[in-house]
Structure formats: structure tokens, C-alpha cells
Amino acid sequence: MSRVLVGVKRVIDYAVKIRVKPDHSGVVTDGVKHSMNPFCEIAVEEAVKLKEKKFIKEVVAVSCGPTQVTETIRTALAMGCDRGIHVEVSGKDYEAMGPLQIAKIFAALAKKEEASLVILGKQAIDDDCNQTGQMTAALLDWPQGTFASEVTIDGEKVKVVREIDGGLETIKISMPAVLTADLRLNTPRYATLPNIMKAKKKKIANMKPADLGVDMVSRVEVLRVDEPPTRLAGVKVETVDDLVAKLKANGTI
Amino acid sequence: MPISELLLFYIISCCMLNHLLYVLLFSSIPVVKAATVSGSDMANPLRSEVRQLYKNLLFLGREYPKGADYFRERLKGAFMKNKDVTDPKEIKKLVDRGEFVIKELEALYYLRKYRAMKKRYYEEELSAVLNIGRPVD
């Protein structure tokens, strides 16, 4: 019946200090702590909540990447998803993987699994693209409720309260649809040890992008990665006259 | 989440780290002596409860802001302090306190993450909220 696809991404943990590789080709990822993208956690929590409220029957967690992403899928299973799908992408393909390829994979899976909803995090904290949800909806020609801070299912429609610059926008879209989770959608539960133990029994299916008919060729090439410029130390002045003189010298006034 | 709740979270989370350690250190969490005779596990179901509690806390401690080792030392100390408690009611009470610490840790981790995400992605919103006297355009 009603099935929800949830996308989870394995990213460098939010609390880790990022270091750029010496050759400026990317960021150091070897030996660095990874975890589930915080917005993906919120997406998983929303899907599980919808299942607990009996609006949907099954929650499927999907992740794309090398073998390590199965850890992230296991965390999603421990949070309450029913089963997982691991789309295996490794090596050069994984490094070049971006929102477009993920969107194509999710579009193919959504059709294959006959999902009524695809819930994603609004953006990943490593690339900050904020594109995957929107691209997936476009490829499927489904309505999208992005930056969702409140989701209510009302029959065959979904009422989404979106967080936008001016405040909050409420829209009603028909299912099937794509939703992207914003920070204030819910409070994700912690995957405790007993839950992780229980989740070991749940299945994770394995497949390749080729099985879904998706080509992983990237149209984007990363030329260079640099650290942000270091903040210059501020200058302290003694009197107001000093401040005015400094500002004049700077050309500000 | 309404703004007033957000401010409340900020205030609470500042006190949380120290408070949490206080609860852990000065609370008494029981340790029932490991079964020396095999088969006596079933005789005292509280024993497995306590062991499971220890394992759960250890698992949560991996993400502790001051380091997993720091947490492990203090956890072990807290458990060892009460290894001679025998009254089942006492033990149950102390296990409940352990569960409480688990909830506090989960809340701590959530707040840290929430605050970090909010700071990184929603700075403009916060300063708009603090400019209370500014006329709305």
C-alpha cells in the first residue's frame, strides 16, 4: 500500500573540524568520523512518525555510496525504518557523485518501489547543495514540499508548512510527492544500542546504479578546494577620535 | 518550535554538560557482582538489567563531548561505587536513575546538534528575532 522512501547520506560528522587535502583536490575523509546527515535524521524521523500514526505502511531507507554507507542505513533502520536499500557506488564514481545522479537514482527507485512519498533532508552539511529533493521531484514530475517544518497527511493530499525567508508558507500538494525536511520539522530520536541490535534483523538490499538504468557520469568537475580566508584580528582604539581617524584612513568615511 | 522554547533550550543546554556529570558522579548506580557460579544469572534478573544499562550508557558515551575515555572512566567509577547494594528496591531505584541519565545524554546530543545547525544555517533569522524594536517591512 503506502510506502515512503527516505534518503540518508553518510557525511563527515558535524562536530569534526574539516581539513583540506594538501593538494586542494578535496577534504580529508580517511579516518575521519562520519555519521548521518542531520537533516536526513530529521527526514527519517518524520517518515517513522508517519508510520506510527498509521498514515503509511512501510519506510524504506536508501543510501548511495561504498560499503561504509551500510552503517548509515543501519542507523536509519534502528530509528524505525523497515528495510534498507544500498545503491553501491564507489571509487571515481563516488567522488564525482552529485545531486543529479542521486536524483536520478531516487526517481528510478520511487517508480520501482511504487512509493507515495520521497522524504529527503533539505541539504547535506558537506556540500550544501539543496538540490536533490527538487531535482527528484522534477524528474518524477511530482509536486514538492521543500523546507518542510510541518507535514500533515490529509487523505490523498499533503499539507506542508514551509519555512521561507518571509516566514511560513502553507501549501497543499497531492501525493505522490517529494518532501525535504527542514530543521524544525521534528526532534529525531537517538538510535540506542537495543534498537541497533533489533535492527540487525532487518534486510538491506544491494544494487548498482546500472540496475536502475542510471548513468553516473558527472557534468560537474571540482577544480579546487580551499579553506575559507582566516579572519583578520580586529584593531582596538583608545578614543573616539582615533576611531574616526582610522575609519577616514580606511576610506570608509 | 516557538521562539520562547528556543530561548529556553539555550539556557538549559548551557547548564546541561556540568549537570549531567554531576548526576552521573554523585548519583548511585548499582553494580551487582558478576555471577561467579554459572547459571545464577536467572536467579537475579536485575543483574542483566544492570549490565544492559551499563552497555547502553557506554554506547552513548562514545559521542560524549569531553571524550569517550573520560566518560568511560566516570561511568565505571559511578557503577563501582555501588557494587555492594543488595536491596532489590534500591537497585531498581538506581537503575531508574541510570535510565534518566540516558535520556539526559540523548537530550544533550540533540541540543548540541540543533544549536550547531541553527548557528550555521539560520544566523540571519536569529538576529532578526533579537532586533525586536525594528519595524516590520
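Select A:Asp182 to begin: at 2% relative accessibility this residue is buried (under 20% relative accessible area; exposed is over 50%, partly exposed in between, with a 1.4 Å probe and protein chains only). You are looking at a predicted model, where local features need pLDDT of at least 70, side-chain atom pairs count only at pLDDT 80 or more, and totals for chains, interfaces and linings use all residues. Residues are numbered from 1 along each chain as its sequence is written, chains are lettered from A and ligands numbered from 1 in the order in which they are written, and side-chain values use heavy atoms, leaving out hydrogens and water.

A:Lys122 sits in the loop between strand 6 (117-121) and helix 5 (132-140) of chain A, and A:Asp182 in the loop between strand 10 (177-181) and helix 6 (193-199), so the pair ties together parts 60 residues apart in sequence. Helices (H or I, at least four residues) and strands (E, at least two) are DSSP runs, numbered from the N terminus. A:Lys122 is buried too, at 7%.

Next, hop to chain B and pick B:Asp96 and B:Lys92, a salt bridge with its closest N and O atoms 3.2 Å apart. Both belong to helix 4 (residues 88-121), four residues apart, so about one helical turn separates them. B:Asp96 is partly exposed at 41%, and B:Lys92 is partly exposed at 38%.

Last stop: show A:Arg3, A:Glu58, A:Arg83 and A:Glu113 together to see a network of salt bridges.

Notes
A salt bridge is a side-chain nitrogen of Lys or Arg within 4 Å of a carboxyl oxygen of Asp or Glu.
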